[in-house]
Amino acid sequence: METRCLCVLLVCVLSLNHATADNGSIKKMKIHYAGMPLLKFQIWRVFEEYTRVLTQRYPDIRIEGENFLPQPLYRHIASFLSVFKLAVIGLIILGKDPFTFFNMEAPGIWLWAQENKIYACMMVFFLSNMIENQCMSTGAFEITLNDVPVWSKLQSGHLPSMQQLMQILENEMKLSAHMDSLPHRRA
C-alpha cells in the first residue's frame, strides 16, 4: 500500500512537471497599444506610469510591456523547487519517510515535520516560494525603441527619470527621422 501511494505521488509530480515545462518556448505576457514606433518596457510596475505619460506626449507610439526573463539556470532551479516542494509536502501529509529508501535515519527536522504537519507544510511552501521568487527576480528595466536598446537598468544600475527617458526618446526619434530623410544608395 505504501509503495502504491509513493508511486501515485511520483506519477502526479512528474505529470505536473511535464505539464508545466516550457519545452524551449518562451511565453511573455504582453500588452499592446496601437501606434507607429515600438517602445518596449521590461518591468511592470513602472510600465503603467510611464505608459500614461508617454502616450500623452507621443500619441503615435506603440508601447509594449513584458517580463524580463532570468537566466535559464535560475528558471530551471525555480521549476525544480516548485516540483520538489509539492513532493515534500505530499510526503509530509502521507506520513512517509523517504530516508528509509536510502537506509538512513530520519533527521530531527523530519520527525518534527511528521508531528507538526500543518506548520511543516506551510514552512516548506513559504520558504520554497521565497527561493523561487529570488531565482525569478532579475531587477531589470530594459527599454528598446524599434528593437534597439535605449536604456538598461542592468547596465546603468538605476531607473531613468521621466525627463531622462523623454530626452532619450527625443534624440532617438530625431536620429531616426534624420536617417529616414537621407537618400538611399543602391548597390
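Is Lys85 buried or exposed, going by its relative accessibility? I looked it up, and Lys85 counts as buried, at 7% relative accessibility. My cut-offs: buried means under 20% relative accessible area, exposed means over 50%, and partly exposed is in between, with a 1.4 Å probe and protein chains only.

Ground rules for myself. This is a predicted model, so local features need pLDDT of at least 70 and side-chain atom pairs count only at pLDDT 80 or more, while totals for chains, interfaces and linings use all residues. Residues are numbered from 1 along each chain as its sequence is written, and side-chain values use heavy atoms, with hydrogens and water left out.

**Lys85 and helix H3**

I placed Lys85 in helix H3. Helices here are DSSP runs of H or I with at least four residues, strands are runs of E with at least two, and both are numbered from the N terminus. I then checked the Lys85 side chain for partners and found a polar contact of 2.7 Å with the side chain of Asn129. A polar contact is a pair of N or O atoms within 3.5 Å; within protein, one must be able to donate a hydrogen and the other to accept it, and residues adjacent in sequence count only if both atoms are side-chain atoms.

UniProt, in an unreviewed entry, places a "transmembrane region" at residues 73–94. Its positions are in the numbering used here, feature names are shortened, and annotations may be inferred rather than shown by experiment. In the model, that span is 100% helix and 0% strand, with its end C-alpha atoms 31 Å apart.

**After H3**

Just after H3, Gly95 has a positive phi of about 75 degrees. Pro98 sits in the loop between H3 and helix H4 (108–115). I have Pro98 as buried, because its relative accessible area is 18%. From Pro98 to Trp110 is twelve residues along the chain and 9.6 Å between C-alpha atoms.

I picked Ile118 next, in helix H5 (residues 117–136). Ile118 is exposed, since its relative accessible area is 64%. Its C-alpha lies 9.1 Å from that of Ile92, 26 residues away in sequence.

**Hairpin and cores**

Strands E3 (residues 142–145) and E4 (residues 148–152) pair antiparallel over four bridges; pairing takes at least two DSSP bridges. They form a hairpin with two residues between them, and Asn146 in the turn has a positive phi of about 55 degrees. Leu145 stands opposite Val148.

The largest nonpolar core has 17 residues, and Tyr50, Phe141 and Leu169 are among those touching the most other members. H7 gives the most to this core, with five residues. Another core lies apart from it, with ten residues, including Ile92 and Val124. A core is a set of buried Ala, Val, Leu, Ile, Met, Phe, Trp, Tyr and Cys residues joined through side-chain atoms within 4.5 Å.

**Cysteines**

Cys121 is buried at 13% relative accessible area, and Cys135 is buried at 11%. I found zero disulfides in the structure, counting a pair of cysteine sulfur atoms within 2.5 Å as one.
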